[in-house]
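Subject: Structure to look at

Hi,

Here is the structure I promised to pass on, sequence included. Have a look at it first, then read my notes below.

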Amino acid sequence: MDYSKQIQEIASKLFAENKIDYFVGYKQNSFDDSQVPFLITDPAEIPKLVFTDRSVFNLANYLKPDHTKRKRVGLVVKGCDSRALNLLLTEGQVKRENVYIIGVCCEGVLNDKREKAQNCVECVMPDPVVYDEMLGTPSGKKKYTVNVDIKELAKMALNERADYFESIFENCIRCNACRHSCPLCYCAKCCLDQETSTLYHGANTSSGAMHALMTWSLHLAGRCVDCRNCEKACPSHLPLHLLHKQNENVIYENFQQHLAGMEKDDRGAFYKYSLSDPDDFIL
Amino acid sequence: MARVGVFVCYCGANIAGVVDVPAVVQEAKKIKEVKIAIEYKYMCSDPGQQMIRDAIVQNRLTSVVVAACSPRMHEKTFRKALSDAGMNPYMLEVANIREHSSWVHQKDKKAATDKAIDLIRMAIGKSIANEQLHEISVPVTKRALVIGGGIAGIQAALDIADARIPVTLVEKSPSIGGRMAQLDETFPTLDCSQCILTPKMVDVASHPYIELIPYSEVIELDGYVGNYKAKIKKKASYVDFSTCTGCGTCTQKCPVKVPNEFNMNLDKRKAIYTPFPQAVPNKPVIDAEHCTMLLKGKCGICAKFCEKGSINFKMVDEVIEREIGAVVIATGYDLWDPKPYEEYGVGRYKDIITSLEFERMVSASGPTNGVPIRPSDGKVPRNVVFIKCIGSRDEAKGIEYCSKICCMYTAKHAILLHHKVHDSHAYIFYMDIRAAGKGYEEFVKRAQVETAATYLRGRVSKIYKKGDKLMVRGEDAQIGQVVEVEADLVVLATAITAPKDNPALARLLGVSYDKYGYLSEAHPKLRPVETAKAGIFLAGCTQAPKDIPDTVAQASACAAKVCGLFSGDTMKKDPMISTINNEFCSGCQNCVKVCPYQAIVTEEIPLGPGSKEMRIVAKINEGVCQGCGSCVAVCRSMAISLAGFTDPQIINEIVAI
Amino acid sequence: MNGFIIETDKTGLQKFYEEIIGKFETYAPVEKFGKYDYKKVSKLGECDPDSPIEMTMSVKPLFFPKTAKVMKFKEDNTGTTVSETDEDPLTGQRVILGVKHCDARGLQVLDQVYKWDYIDTDYQKRRKNTLIISTRCNKAGTQCFCTSLDYDVENSDAHDIRIVNGLNGKIYIQAVTEKGETFLKASSIKHQASASNATEELSKQYKSFESSFRLKMNYSEVNAKLQKLFDSPEFETISSNCIGCNTCAFICPTCHCFKITDERIKDTGVRYKSYDSCNNGYFTLMAGGHNPRPVKYRRWRQRALHKFVYYKERFGMNLCVGCGRCAISCPVNISIFDVVNQVANV
Amino acid sequence: METEVKEVKEKIVSVENPGITAPNGWQPVIIGILCNWCSYAGSDLTGTSRIQYPPNIRIIRVPCSSRVDPWFIIKSLQTTADGVLISGCHPGDCHYISGNYYARRRFLVTKKLLNFVGYHENRVQFSWVSAAEGPKFAKVVAKVTEDIKKLGPLYRYKKENF
């Protein structure tokens with residue numbers, strides 16, 4: 001898929017009609033075929049905008065920082081990105097009138113090995129769920145499948161699995177890149193930064209990392225849209241999606257097949273309940 | 001630097017019998033923050049409390065840990081002791097070493113002692129993180145708003161007003177009285193409904209503490225318990241009540257005839273009308289939908305004949321505001337429309353009527369002056385078939401619940417029919433007879449015996465016309481065969497439902513309602529008249545189907561609640577509620593979503609000091625917050641903390657073990 | 001000084017490595033989650049001394065660990081008692097294989113700050129007891145620019161022994177420091193100096209290596225310009241793309257910001273020293289709420305200028321060693337190289 | 001105390017780290033977080049009716065089970081506890097109307113996640129105990145204690161033991 005032309009046209013239109021202050025898209029890297037987010041205020045930059053199956057990063061992340069938060073922003077979103085954006089709208093982080101959303105019907109993006117990314121293979125919603133303008137033809141909602149890695153890990157013996165995760169937490173250097181690259185981590189001050197050590201593990205020990213990552217994943221439970229920004233950002237290449245997919249899986253199976261950010265005004269599974277929620281695990 | 005005092009109680013042998021108290025005290029002394037640790041036989045006794053008070057003063061303690069019985073037992077006692085010693089009462093922590101240790105580990109003294117030590121350590125840890133709290137006092141506006149002028153509203157209004165508390169009674173129709181005013185006689189005593197109701201209606205009108213606002217609706221309510229502000233829309237009546245004498249000339253002269261809803265459209269009223277003769281206030285209003293003057297701009301006869309010149313066609317809706325402290329909702333009920341029962345020919349056969357229509361007919365002041373007639377030909381019916389549970393207990397066509405009153409009023413109708421038409425005969429098709437209530441069962445017996453009404457257990461399958469009669473085919477389960485009754489008139493005991501605008505009202509008032517539209521009580525058993533929203537109460541059928549005695553009882557209960565609420569100038573409130581730290585709040589409003597009391601709202605604050613850009617943050621309404629902590633657990637940025645159970649306190653407990 | 005050179009081949013090198021691993025506590029790049037990190041190895045098979053720079057973390061953590069216990073403390077009615085931690089600052093000899101030239105330089109740069117003002121004894125111990133064997137890259141990574149900085153990569157003395165894969169398929173082991181020379185002499189590998197053309201081979205290899213660089217800049221010019229560009233508006237534009245994730249600082253071979261946290265259970269606790277980053281909004285937040293760097297571009301300015309100006313002024317070395325890791329692991333591919341050039345060439 | 005002696009004989013192994021066995025006479029520490037209105041009242045009733053249960057549990061009082069933030073559980077397991085029991089009002093009985101419904105969802109996900117990263121599922125348990133269910137509370141505590149004794153001491157992901 002290549003929508004570079006269309007996006008350039010729309011962008012220039014938006015600037016011409018003075019509908020936006022910022023436009024967020026993708027730009028080709030100078031040294032390889034990968035792309036980077038591209039934040040422009042100057043229409044002259046528009047020709048650099050591209051969109052192909054290498055446009056990986058979730059741009060909803062660019063509605064977080066102060067310099068764009070309250071501005072009028074036009075941006076390009078894929079299926080998963082639009083779900084994140086949906087949540088940002090519901091949670092009052094973005095005003096709908098402030099964003100002009102170009103939704104792309106995604107056909108899956110390629111990872112650095114040039115093969116279809118795992119989350120795209122398992123994608124449930126490739127089409128944008130919220131948009132002002134849609135590019136491509138929607139292919140509709142897909143069937144939910146349990147993540148392959150989760151299946152694998154479920155087979156492991158308890159202590160083996162524990163060893164595996166211990167190694168993940170050991171390799172974490174707690175740079176918090178995962179958090180900063182997550183479009184849904186917008187807190188004014190993250191609870192994991194609060195330096196009151198009785199509350200939190202400040203140290204970069206594996207137990208500290210475990211504490212941080214677990215708390216983080218629980219804060220994203222029922223909200224994570226599986227865009228894998230965190231994983232792309234992680235300098236230690238940790239498989240962070242495991243924790244999120246596990247939660248997503250439990251939530252999907254137990255709470256009316258809930259998936260994050262699908263409907264407008266849906267805050268996620270932890271902010272509503274049903275009388276028929278499973279009770280069997282409770283004594 | 002925290003200075004903690006630890007006071008361990010023997011509770012006679014209750015604790016000391018199992019837990020090695022001196023050892024516990026020694027352990028407590030080892031802890032850094034502990035400045036004094038003492039033991040005593042009965043800490044809750046006066047000398048015990050005196051020890052605490054002295055220790056606080058002598059050791060300049062900043063917090064106190066009492067190791068004794070459950071905090072649910074003596075927390076208040078010891079808090080008092082603290083405040084007597086000039087210390088903030090909320091710097092107290094109670095370690096429950098009786099219910100949680102000595103009493104449940106009697107066989108294992110060592111383990112019990114170790115556990116007691118841990119429990120005390122936890123309490124100390126927590127107490128160090130305690131904050132000084134102060135009882136919240138919320139001012140109250142001593143005026144109640146009653147919504148709905150039926151018997152429930154009337155009763156509540158009168159009871160409250162009699163306690164010299166001003167009441168604003170809002171009724172959407174031109175007159176108070178509600179459904180009860182439409183009834184002829186009431187079960188089980190058969191005393192005349194009007195006779196017992198109208199005096200109360202007059203009392204309402206004349207009561208110095210009641211402000212009656214008829215023909216109006218509540219359109220907005222904000223604020224919280226004790227401090228609500230209500231907007232009330234007075235619908236244009238086109239008649240100036242202040243000058244109108246209610247002489248009634250206008251209604252006689254008005255040429256426009258309109259179906260009369262008070263009489264279930266069995267007769268006609270005028271376009272300018274008073275709903276019924278005993279209406280309160282007894283002033284006419286103009287029905288804008290039918291008045292030719294208002295529609296076409298010609299006519300105006302009423303104005304010509306009105307000597308006082310009270311008619312004013314230019315009148316418009318006006319909105320008034322009232323500051324109130326509590327609300328009683330008494331919006332009553334609607335009747336279920338039996339249309340779905342086509343097999344009975346509802347709508348096709350004129351002579352199938354609903355019970356309330358029948359009620360109006362047999363009412364002496366009704367359209368037929370108390371004689372039941374067949375709508376088709378005006379003849380007086382001889383054989384009348386009553387069918388119960390029309391809509392009630394019928395998941396397929398109607399609603400699941402039992403309307404509760406139909407059994408009784410049908411029995412009443414059988415008796416009334418007998419009174420009015422002596423040679424008549426009543427057939428009653430029923431599923432069950434539910435006559436729970438004082439004198440109810442006897443009343444049903446009376447219908448069966450005295451008036452020889454034929455009770456047929458079974459559903460009616462079909463009604464069809466034969467000549468001018470209606471053939472009612474149904475099953476008599478007792479003899480197990482199909483019966484057919486030749487009826488002159490069929491009366492359907494239609495279910496009662498929640499008023500159709502209840503959900504809208506509920507949303508406007510911020511109370512919850514069930515799937516039928518009935519407003520929900522705070523607790524099905526223990527708080528049946530309160531709603532989940534503090535200061536808003538429920539009376540009558542707006543909560544669930546009820547008969548008159550239950551309705552009146554609940555109305556009076558509401559009044560008692562309101563009076564209790566208003567007993568002081570301010571309401572004292574436990575300070576253990578949530579507070580928001582704006583610096584951390586990211587304005588995601590999840591707390592707003594999960595708060596069961598709508599105690600959290602949002603406010604806009606400047607982005608930074610002096611900046612023009614605004615951001616949204618949550619705001620706790622301390623008048624409403626009950627301190628459950630749901631919001632704290634869902635606050636990802638930890639902007640909310642629950643006084644008395646803050647994160648540091650709980651974590652201190654966890655790490656102290 | 002550049003000591004003598006030994007010429008050998010793959011197997012020779014293998015033997016050399018195996019001998020070291022057998023004799024000493026050895027660290028080398030080990031792959032985990034598709035990323036190479038310097039870990040203790042017990043046999044050569046586990047590690048890959050020639051790991052590609054794009055996928056290799058720096059050696060910094062072996063000297064300045066991502067977290068370390070500073071002290072232990074215990075509180076009771078007698079007061080607070082502080083005690084040493086049970087953590088052992090390295091005692092025995094330690095060898096690190098496959099260190100990149102830039103990393104080695106990074107340590108050299110770090111030494112300056114660690115032996116200035118407060119002397120970090122643990123760090124010094126680790127440095128003293130470690131022998132660094134570095135492998136010279138044959139090809140520059142996409143983000144590398146070590147050659148265009150303020151140090152001589154070819155004759156760098158940041159490592160004790162240098163291993164060069166000659167273009168002629170031969171492998172040259174060169175002692176760089178005395179420490180390295182003695183070490184080499186002690187090893188069983190044949191000592192006699194190799195063919196005279198060795199030096200040419202080395203420089204040939206370096207030439208081809210140097211020519212493979214995509215990024216080149218004129219360091220002195222950039223450095224000179226930056227000194228005057230504190231108020232450059234460019235910082236704002238270049239930082240607008242940054243998502244503030246701090247990765248750059250955490251994986252940088254020379255960043256040395258840290259934070260102090262206490263962890264306590266019951267009445268005992270431990271004080272930790274862990275990585276932190278000047279890119280964190282709260283990093284410069286002071287008690288009382290004042291924050292000199294509340295906005296991103298100021299933090300970026302600090303980062304860029306500290307790397308290319310302040311440190312140079314204070315210690316005569318550039319804090320950035322041109323390994324390009326920040327650009328590689330940056331989720332939005334911001335490169336310190338582009339930043340400084342953009343700012344400088346306004 | 002016979003039971004305890006027996007345990008010492010048969011050497012309890014930590015499930016998460018089969019390498020490590022419990023020290024002699026090891027007794028688990030269990031943190032119980034109880035809601036004020038139902039479960040805490042229930043536990044008081046257990047006391048007043050003198051029903052005996054194992055002494056391993058340490059009880060923390062919170063207003064409502066919905067106050068329990070999942071990371072309290074993580075924190076407990078990482079610091080002092082070998083197991084955690086959280087107890088609230090039965091569905092529909094919540095003093096605060098709906099608190100325990102929200103809590104229930106969080107608990108399920110948390111329990112599964114902890115098990116996923118390598119805690120035995122019995123380390124964290126939940127129960128509904130009403131103010132009238134003194135006997136039930138004793139039973140629950142007994143069961144949980146038994147379970148956790150079987151699992152052995154918890155070392156995995158512990159804060160460095162000082």
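**Helix pairs**

In chain B, helix α3 (residues 46-59) packs against helix α4 (residues 71-84) at an angle of about 40 degrees, and their axes are 9 Å apart. Helices here are DSSP runs of H or I with at least four residues, strands are runs of E with at least two, and both are numbered from the N terminus. The axes are lines fitted to C-alpha atoms, for helices over the stretch in contact, and the angles run from 0 to 180 degrees between N-to-C directions.

Before going on, a word on the ground rules. This is a predicted model, where local features need pLDDT of at least 70 and side-chain atom pairs count only at pLDDT 80 or more, while totals for chains, interfaces and linings use all residues. Residues are numbered from 1 along each chain as its sequence is written, and chains are lettered from A and ligands numbered from 1 in the order in which they are written.

On the α3(B) side the contact uses Q49(B), I52(B), R53(B) and I56(B), and on the α4(B) side A81(B), L82(B) and D84(B). "In contact" means that the C-beta atoms of two residues, placed from the backbone, lie within 7 Å. Sorted by class, the residues where α3(B) meets α4(B) are four nonpolar, one polar and two charged. The classes go like this: Ala, Val, Leu, Ile, Met, Phe, Trp, Tyr, Cys and Pro are nonpolar, Asp, Glu, Lys and Arg are charged, and the others, Gly among them, are polar.

L213(A), S217(A) and L220(A) of α8(A) make the contact with L243(A), H244(A) and N247(A) of α10(A), giving three nonpolar, three polar and no charged residues.

Then there is α13 (residues 406-420) with α14 (residues 440-449) in chain B, at an angle of about 35 degrees and with axes 9 Å apart. This crossing is left-handed. M408(B), A411(B), A414(B) and I415(B) of α13(B) meet Y440(B), F443(B), V444(B), R446(B) and A447(B) of α14(B). By class, that contact has eight nonpolar, no polar and one charged residues.

**Domains**

An automatic or database assignment sets the domain bounds. Chain A gets domain 1 (4-135) and domain 2 (148-271), with C-alpha centres 24 Å apart. Each side of their contact has 20 residues. On the domain 1 side, helix α3 (residues 79-90) of chain A gives the largest share, eight residues. That side has ten nonpolar, six polar and four charged residues.

Chain B is split into domain 1 (4-135), domain 2 (144-331 + 553-565), domain 3 (334-497) and domain 4 (574-656). The C-alpha centres of its domains 1 and 2 are 61 Å apart.

**Where the chains meet**

Chain D puts 33 residues into its contact with chain B, and chain B puts in 35. On the chain D side, α2(D) gives the most, with six residues. That side divides into 16 nonpolar, eleven polar and six charged residues.

Between chains C and B, seven residues of chain C are in contact with seven of chain B. On the chain C side, β4 (67-76) and β10 (258-265) each supply at least two residues. By class, that side has one nonpolar, one polar and five charged residues.

Not counting residues up to four places away in sequence, V491(B) touches I353(B), S355(B), F358(B), V384(B), F386(B) and H413(B).

Lastly, helix α19 (residues 647-656) of chain B is mostly covered, with nine of its ten residues buried. Among what covers these buried residues are α6 (109-129) of chain B and β10 of chain C.

Cheers

Technical notes
Buried ≥ 20, exposed ≤ 12 C-beta atoms within 10 Å, placed from the backbone. Left-handed = near helix turned anticlockwise from the far one by under 90°.
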